[in-house]
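Me: I've got a structure to go through with you. Can we take it step by step?

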Amino acid sequence: MKRRIKQISTLPLVLGAALFMVACGGQDTSTNDTTTATTEETTNTDAETAVDTDMAKGDMMGIMHQNMEEMQNIRTQMTGDPDYDFAQMMTHHHKGAVRMADEELANGTDMKMKEMAQKTKETNQADIQKLQDFMSKHKPATGDTATTMKMVRPMMSMMGQMHQQDMSGMNTDQNFAQMMVHHHQMGNEMSKEFLKMAKTEEMKQMAQKTIDQQTKEIKELKAWQQQ
């Protein structure tokens, strides 16, 4: 059991390394050798990882892992159009928030956290619909995917930092508050990076709205934690 849990905790770091190299637009020979070895190791443990992820079902950290894996997999769908790619990534990011909110609503006991979870779920579901509507009508322009992948780098760095914290003794409410703080911080960093390259006014407004809303919720979550 201990060995399997360790595999879960290290998965985001492997994904982060892969995404970082894609975002940088390439790697040297020695890095390529290391990446190949890591890929082979990851492939060899696919079956165990699937079991581990299933074991983590209902756990906030497991949900975060699932969310980051989905965002890692989306790199094959990147277009190089910053607005379209931001919409894709933020859609998956918001889906992670909805899953964590559902977990809190199902198993949390603190009314304040359950209220925040319901608010988070409704807000993120509405934003997901707006992002999907944008993608359905916006024809992406061909661009440099290495540039748009830079939006993910801050998130991967923060994911690694998150794993330095011991959250084993937390209940569902405490876990939700801590994980949602991390989740919102990652979303804010991605939005800030996007605003450096944004083209359409619609997505600029969406990104700024995300930053404003999630910054407010981070303050509320941290205030609850300090009670």
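Me: Let's start with Phe-86. Is Phe-86 buried or exposed?

Reply: Keep in mind that this is a predicted model. Phe-86 has 1% relative accessibility, so Phe-86 counts as buried. The cut-off for buried is under 20%.

Me: Which aromatic pair is Phe-86 part of, and how do the planes sit?

Reply: Phe-86 pairs with Phe-194. The pair is stacked, with 10° between the planes and 4.1 Å centre to centre.

Me: How many aromatic pairs turn up in the whole structure?

Reply: A search of the whole structure gives one.

Me: Where do Phe-86 and Phe-194 sit in the chain?

Reply: Phe-86 is in helix α5 and Phe-194 is in helix α9, residues 172-195.

Me: New topic. At what angle do α5 and α6 cross?

Reply: Helix α5 covers residues 82-107 and helix α6 covers residues 111-137. Their axes cross at roughly 155° and come within 8 Å. Angles over 145 degrees count as roughly antiparallel, so α5 is roughly antiparallel to α6.

Me: Which hand is the crossing, and what residue classes are in the contact?

Reply: The crossing of α5 and α6 is left-handed. The contact has 13 nonpolar, eight polar and seven charged residues.

Me: Last one. Where is Asp-127, and what does Asp-127 touch?

Reply: Asp-127 is in helix α6. Leaving out residues up to four places away in sequence, Asp-127 touches His-94, Met-206 and Lys-209. Asp-127 counts as buried, because its relative accessibility is 5%.

Terms used
Residues are numbered from 1 along each chain as its sequence is written. This is a predicted model: local features need pLDDT of at least 70, side-chain atom pairs count only at pLDDT 80 or more; totals for chains, interfaces and linings use all residues. Side-chain values use heavy atoms; hydrogens and water are left out. Axes are lines fitted to C-alpha atoms, for helices over the stretch in contact, and angles run from 0 to 180 degrees between N-to-C directions. Helices (H or I, at least four residues) and strands (E, at least two) are DSSP runs, numbered from the N terminus. Angles under 35 degrees count as roughly parallel, over 145 as roughly antiparallel, 65 to 115 as roughly perpendicular and the rest as oblique. A crossing is left-handed if the near helix is turned anticlockwise from the far one by less than a right angle, and right-handed if clockwise. Ala, Val, Leu, Ile, Met, Phe, Trp, Tyr, Cys and Pro count as nonpolar, Asp, Glu, Lys and Arg as charged, and the others, Gly among them, as polar. Buried means under 20% relative accessible area, exposed over 50%, partly exposed in between (1.4 Å probe, protein chains only). Contact means heavy atoms within 4.5 Å. Rings of Phe, Tyr and Trp (its six-membered ring) pair if their centres lie within 6.5 Å; planes under 30 degrees apart count as stacked, over 60 as edge-to-face and the rest as tilted.
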